[in-house]
Amino acid sequence: MSLQLGDVVPDFEAPTTQGTIRFHEWIGDGWAILFSHPKDFTPVCTTELAEVARLKGEFEARNTKVIGLSVDPVESHIEWEKDIEETQGQAVNFPMIGDPDAKVANLFGMIHPNASNTFTVRSVFIIDPAKRLRLTITYPASTGRNFREILRVLDSLQLTDQYMVSTPVNWNEGDDVVIATSLSDEEAAKRFPKGFRKLKPYLRLTPQPNR
Ligand code: BEZ
């Protein structure tokens with residue numbers, strides 16, 4: 001069965017552009033994003049990797065490391081990184097796993113045979129400090145990802161781990177959040193001293209509590 005939300009993700013040892021890693025040890029005490037792309041020296045992937053590199057500071061601000069993967073060897077990643085810097089004006093500043101035998105790709109179900117028997121699809125895994133899978137998304141090869149959406153989900157996960165809230169449609173950092181339905185109005189008033197708007201008994205909005 002494929003990886004499910006809440007599962008502890010597989011641990012593995014693999015070569016990367018920044019040396020061999022043991023995955024769980026590499027994650028350490030923070031959060032991690034593991035993402036795959038179909039192939040080195042391809043156009044959409046070239047733009048995606050540069051964007052992840054541009055956003056590295058945003059990931060670090062969320063105590064999150066990023067690591068890429070495709071079924072190419074590390075030597076190929078290193079050659080391709082020169083093209084990425086040349087064409088995108090941004091050097092790749094995070095490790096890329098070399099996985100030519102698809103060992104890691106198969107552990108995480110990144111190869112979808114109906115799309116391709118050999119290439120990884122565009123998978124994203126958000127992994128929390130307990131090494132549990134908190135989000136997985138899969139894009140087709142023809143569609144580049146929006147990594148700002150991944151940052152938005154990280155913000156939501158980190159907020160909702162801390163407070164008894166969830167984040168509504170199109171929520172962004174700073175917007176109102178939804179109070180857990182398990183809390184009574186009295187408990188909600190104590191936990192959320194900025195107050196709340198009760199639209200329905202199950203729909204109570206409060207300002208983001210950590211701002
Ligand atoms: C790309 O990155 O542009 C790409 C890679 C594999 C298949 C299709 C597009």
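This is a predicted model: local features need pLDDT of at least 70, side-chain atom pairs count only at pLDDT 80 or more; totals for chains, interfaces and linings use all residues.
A polar contact is taken here as a pair of N or O atoms within 3.5 Å. The side chain of Thr42 has an N or O atom 3.0 Å from an oxygen atom of the ligand. Arg122 also contributes through its side chain, where an N or O atom is 3.1 Å from an oxygen atom of the ligand. At Pro43 the backbone takes this part instead, with an N or O atom lying 3.4 Å from a ligand oxygen atom. On its own the ligand has 260 Å² of accessible area, and the protein covers 74% of it.

The shell around the ligand consists of Pro38, Thr42, Pro43, Val44, Cys45, Arg122 and Ala141. Helix α2 supplies three residues of this shell, the largest share. This helix runs over residues 43-54, and its twelve residues should span 16 Å at 1.5 Å a residue. The expected span counts one less than the number of residues, and the end C-alpha atoms of α2 are 17 Å apart, which agrees with that expectation. Several residues of α2 are buried, namely Cys45, Thr46, Glu48, Leu49, Ala50, Val52 and Ala53.

Turning to the chain as a whole, the model contains seven helices and eleven strands. The C-alpha trace spans about 60 × 40 × 35 Å along its principal axes. The chain has 211 residues, of which 45% count as buried. Its accessible surface comes to about 10,500 Å², and carbon and sulfur atoms account for 50% of that area. Among contacts with a separation of 6 or more, 65% are between residues 24 or more positions apart.

The domain assignment divides the chain into domain 1, residues 13-144, and domain 2, residues 163-206. Taken over C-alpha atoms, the centres of the two domains are separated by 35 Å.

Helix α6, residues 147-162, holds a further residue worth a look, Ser156. Ser156 has a relative accessibility of 13% and therefore counts as buried, the cut-off being under 20%. Beyond its neighbours within four places in sequence, Ser156 is in contact with Thr167 and Trp171. The side chains of Ser156 and Thr167 are also joined by a polar contact of 2.8 Å.

Conventions: Residues are numbered from 1 along each chain as its sequence is written. Side-chain values use heavy atoms; hydrogens and water are left out. Domain bounds come from an automatic or database domain assignment. Helices (H or I, at least four residues) and strands (E, at least two) are DSSP runs, numbered from the N terminus. Buried means under 20% relative accessible area, exposed over 50%, partly exposed in between (1.4 Å probe, protein chains only). A polar contact is a pair of N or O atoms within 3.5 Å; within protein, one must be able to donate a hydrogen and the other to accept it, and residues adjacent in sequence count only if both atoms are side-chain atoms. Contact means heavy atoms within 4.5 Å. A residue is near a molecule or strand if one of its heavy atoms lies within 4 Å of it. Accessible areas come from the Shrake-Rupley method with a 1.4 Å probe; for residues, only the protein chains shown count as cover.
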